[in-house]
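Hi,

Here's the structure I promised to send over.

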Amino acid sequence: MAVPVAVRSDLRPQPVRWLDIVAPPSFSALVWGRSWCRCGFERTARGRSGVLALIEAHTAHPDSCPLLNTEGSEAA
C-alpha cells in the first residue's frame, strides 16, 4: 500500500537578518549601511565610524533577537 508523502519546497533556511554596507572605492566618498531583522530591528548609519558601530550592533543583535535567541523558550 502506498502512503502519500507531502514534499515541501521551502525547506531551505530563510534569512532572518541582513546587513547592507555601501563603501565606494573613493576614500572621500560617503560610506553608509543598513542593518535590519524580521523581528523589527532596523538601524542605519552614515560615515565610517557610524558604519563600524552599526556592524557591532548587527553582530550583537542575535543575543536579544526573539527570532534567533531561543534560550528563553527552552528555559520555560
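The sulfur of cysteine 65 has its closest cysteine sulfur in cysteine 37, at 3.7 Å, which is too far for a bond. A disulfide here is a pair of cysteine sulfur atoms within 2.5 Å. Cysteine 39 also has cysteine 37 as the closest one, with 3.6 Å between the sulfurs, so that's too far for a bond as well. The count by this rule is zero disulfides.

Cysteine 65 is buried at 1% relative accessibility, while cysteine 39 is partly exposed at 31%. (Buried is under 20% relative accessible area, exposed is over 50%, and partly exposed is in between, using a 1.4 Å probe and protein chains only.)

Bear in mind that this is a predicted model: local features need pLDDT of at least 70, side-chain atom pairs count only at pLDDT 80 or more, and totals for chains, interfaces and linings use all residues. Residues are numbered from 1 along each chain as its sequence is written, and side-chain values use heavy atoms, leaving out hydrogens and water.

Now the sheet. It's open, with three strands in the order 1-2-3 and antiparallel pairing. (Strands are DSSP runs of E, at least two residues, and helices are runs of H or I, at least four, numbered from the N terminus; two strands pair if DSSP finds at least two bridges between them.) Strand 1 (17-22) and strand 3 (42-46) are at the edges with a single partner strand each, so one side of each has no neighbour in the sheet. Strand 2 (residues 32-37) pairs with strand 3 over five bridges, and tryptophan 36 has glutamate 42 in strand 3 as its bridge partner.

Cheers
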